[in-house]
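Here is a friendly walk through this structure, point by point. Keep the 3D view open as you read.

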Amino acid sequence: MCQSGKSVGIVDLTRGELSTRGNLASRQRETDAATKLLGISSRHNLNMPDGNIETNQANIKKIIHIIRSYQPKIVFAPFPSDRHPDHVNASNLIKESFFYTGLVKIQTGNLAAFRPKRIFYYQGAFDIPVSFVFDISKTFIRKLKALKCYSTQFYNPENKKPETFISTEIFDKWIEARARNFGFKIGVEYGEPYFSNESIKVDNETLFDI
């Protein structure tokens, strides 16, 4: 999306202070490096407590404020079924906020009510129902490099800290295997699956491009 000229932002909900590997300083350095590599327009952290993401009024207003500030056409969120409770809770929080941000009676200063067109869910550790697969063949290597920016978190044979679910070599290989699997399904080298609760419109203009 960045390479095609779209304006893209990332919102982190927590700072990952409960992470088994690394610390807040190393996580910030890794985040800065990944942000620069991806070429995104903006990145914000909403400072919710790691391990305790709640769907409450305070957190909903944080999400509403960021959506109304940037008015994105599309919002991406983790699929609401995952091994990590924070991912599940983040998904539910974003879904609720996505609806409430369009209500004019919820006021956020001079920011007008605004609801994005779509919310799409991406895959975490568990399989998801797939609505469409996006061709990421041209940017897959950049994706891997962005993941490698988080050297304390993902596979790094030089890191002798306690092993986690995502720091294993098996997980590292699964990232590529998953992308190749979904790429094969749409006839390309690498693909990324997404789920939509809403039906996706296809017409004569787009049908034969699928």
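1. Start with E192 and R178, whose side chains form a salt bridge with the closest N and O atoms 3.1 Å apart. The term salt bridge is used here for a side-chain nitrogen of Lys or Arg within 4 Å of a carboxyl oxygen of Asp or Glu. E192 sits in strand β6 (residues 191–195) and R178 in helix α5, so this pair ties together parts that are 14 residues apart in sequence. Helices (H or I, at least four residues) and strands (E, at least two) are DSSP runs, numbered from the N terminus. Both E192 and R178 are buried; buried means under 20% relative accessible area, exposed over 50%, and partly exposed in between (1.4 Å probe, protein chains only). Salt bridges with shared partners also join K143, R178 and E192 into one network.

2. A word on the source: this is a predicted model, in which local features need pLDDT of at least 70 and side-chain atom pairs count only at pLDDT 80 or more, while totals for chains, interfaces and linings use all residues. Residues are numbered from 1 along each chain as its sequence is written, and side-chain values use heavy atoms, with hydrogens and water left out.

3. How many salt bridges does the structure hold? There are nine. One of them joins E169 to K173, at 3.8 Å from N to O. These two residues are four apart in helix α5 (residues 169–185), about one turn of the helix. E169 counts as partly exposed because its relative accessibility is 38%, whereas K173 is exposed, at 54%.

4. Now look at E30 and R27, another salt-bridged pair, with the closest N and O atoms 3.9 Å apart. They are three residues apart in helix α1 (residues 24–38), so about one helical turn separates them. Both E30 and R27 are buried.

5. Next comes the largest nonpolar core, with 11 residues, including L13, L46, M48, I53, A90 and L93. Such a core is a set of buried Ala, Val, Leu, Ile, Met, Phe, Trp, Tyr and Cys residues joined through side-chain atoms within 4.5 Å. Helices α2 (57–70) and α3 (85–100) are the elements that give two or more residues to this core, and the largest share, five residues, comes from α2. Leaving out residues up to four places away in sequence, I53 touches L13, T14, M48, D86, N89, A90 and L93; contact here means heavy atoms within 4.5 Å.

6. Are C2 and C149 buried or partly exposed? C2 is partly exposed, because its relative accessibility is 26%, while C149 is buried, at 19%. A disulfide is a covalent bond between the sulfur atoms of two cysteines. The cut-off used is a pair of cysteine sulfur atoms within 2.5 Å, and a search of the whole structure finds zero disulfides.

7. Finally, find Q71 in the loop between α2 and β3 (74–78). Q71 is partly exposed, with a relative accessible area of 42%. Q71 and E54 are 17 residues apart along the chain, and their C-alpha atoms are separated by 23 Å.
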